[in-house]
Amino acid sequence: MSRILKLVMSNTKQRIVVVGGGVAGLATVLELERLVPQAQVTLLESSICLGGVLASEQYAGFTIETSADMFTVDPSAALDLVRRLGREDQLLTTTPTRDRAYVATAEGIQPLPRGFSLMLPADVDSVLASPILSEAGKQRFLQEQQVPPGDCSVDESLESFAVRRFGREVFERLVQPLAGGIYTADPKTLSMQATMQRFIDMEQEFGSLIAAGKAKAQKESASAQASGARYGLFRAPKDGMGCLIDWMVEAVDRADLRTNQTVTAVEKNGASWRVTTAEEIIDADAVVVATGAAVAGRMLSGVDSQLAESLESITAASSAIVVLALDQKQFRSPLGEGFVGYGIICPHVLGRQAIACSFSSNKFSNRAPDGKVIVRCFIGGALQADLVDRSDTNLLAIAMSELRQWLGVEGEAEWSKFYRWRNCMPQYTLGHLDRVAKIEQRVQQLAGVELAGNSYRGVGVPACVESGTAAARRLFAI
Ligand SMILES: Cc1cc2nc3c(=O)[nH]c(=O)nc-3n(C[C@H](O)[C@H](O)[C@H](O)COP(=O)(O)OP(=O)(O)OC[C@H]3O[C@@H](n4cnc5c(N)ncnc54)[C@H](O)[C@@H]3O)c2cc1C
């Protein structure tokens, strides 16, 4: 029987420390309270508020999302959590009449081919009809059906996989910008196995992704394929993603949630653990570290230097979001007037400075007053890391230049806000799954320490909820 399980079964009070108060840390706390009602749980968060990167602001009648603006229901961990918290009735689905994504090209923006989901073409004719690709690019796209499946035992980068299957043009003009908007990653090093295993599986099962796309399209109704991405799967709280955090915090029963507490070390102390902050030392029977991997590595360096090294080798990219409020009347180009897309993605090959522009008020109702538009422009990421440190004025100029170029926006934004997320998006580079497996093995040896958060097995909100929940369960061998 594990030491921890023995402790749970005894009548002694459990002292458990959770480090990091993002969505993963809070999910850990809720699960610990559910599993071990007698436990004495303390969460230590370094910043002045809980939620980590997740937050929303209400400003001048607008709802601003400062990082994530929605979550998927597949996998379902975030939706399941919302249901458990009794808040499902407060979730919005995306506005179906506006579910188009656009791609920037040298000649202007073009709709993403219908049914094109990241790398899966559910509607071949739509790809062939799209002016995004040249004739040669389309011919190469069609040849994908003859490309044999790769060696799935070898981890391949996104760029290598997509170029091998569809040719360079499809990669540069469609796949890179679509993936870039999600992972803010360098596709040369982004691990397919760690981020898009489903496409590897489809390649193996159907022989080609075009064949897989056709099979999928046959299964789904015409309306479900209407957009490229599977937008029907996304949800967000009516008043913004920050509500997820508010709801979780309200559901916490007895745990002590402390902000402004930076943990500097987690060390072994006989049979238990010692957690050090600038202000105090807390003894604990178990610790869950739900910070980014590099921070976790530094904290645990005194316990296991090899573990620390592996953790610190998981890097993270930075990005900036410029949030702009505009009046609909400022959109003056034919496409800009009454623009109904969810967003515009910008291929890196175009040499521009934005990764994507996301139209929050087109995605969800309740994000802007009538007649107003709220746009979030993403800048930086692994491919243009230095841009994050530009001044607000410079970032605003980049964002406005995109909107002028693509949608004929005239005048200036009514207001703008800037959010910089430094080292917040973990990079699942080649070999990531092996690194994580090694980390998990070493953590298991520690008995009483668990890791959670977006650095390991998924960056999306549902994966982070799941990681926190699973860490709590592992602690008690459940
Ligand atoms: C710009 C952006 C857009 C995104 N968009 C989406 C989206 O639309 N949909 C989606 O599903 N996901 C999205 N994501 C991803 C998702 O939001 C995150 O992966 C997830 O919220 C991370 O949660 P976490 O708890 O693992 O980490 P974090 O939110 O980073 O929380 C970690 C916490 O640990 C704290 N901490 C760090 N060091 C210490 C220390 N020494 N002591 C104590 N505390 C410490 C930090 O202050 C932080 O609060 C986005 C992410 C970003 C950055």
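**Figure 1. Elements of the shell around the ligand.** At least two residues of the shell around the ligand come from each of helix H2 (23–35), strand E17, strand E21 (415–426) and helix H17 (461–475). Helices (H or I, at least four residues) and strands (E, at least two) are DSSP runs, numbered from the N terminus. The model is predicted: local features need pLDDT of at least 70, side-chain atom pairs count only at pLDDT 80 or more, and totals for chains, interfaces and linings use all residues. Residues are numbered from 1 along each chain as its sequence is written.

**Figure 2. Composition of the shell around the ligand.** The ligand is surrounded by 36 residues, the closest being Gly20, Gly22, Gly52, Ala68 and Gly453; a residue counts as near if its C-beta atom, placed from the backbone, lies within 6 Å of the molecule. The shell has 19 nonpolar, 15 polar and two charged residues. Nonpolar means Ala, Val, Leu, Ile, Met, Phe, Trp, Tyr, Cys and Pro; charged means Asp, Glu, Lys and Arg; the others, Gly among them, are polar. Because domain 1 (3–52 + 243–315 + 428–475) and domain 2 (70–97 + 316–426) both give residues to this shell, the ligand lies between them. Domain bounds come from an automatic or database domain assignment.

**Figure 3. Domain 2 and domain 3.** The centres of domain 2 and domain 3, taken over C-alpha atoms, are 24 Å apart. Domain 2 brings 14 residues to the contact and domain 3 brings 10 residues, with contact meaning C-beta atoms, placed from the backbone, within 7 Å. On the domain 2 side, strand E17 (316–327) and strand E19 (354–359) give two or more residues. The residues of that side are 11 nonpolar, three polar and no charged.

Conventions:
Two residues are in contact if their C-beta atoms, placed from the backbone, lie within 7 Å.
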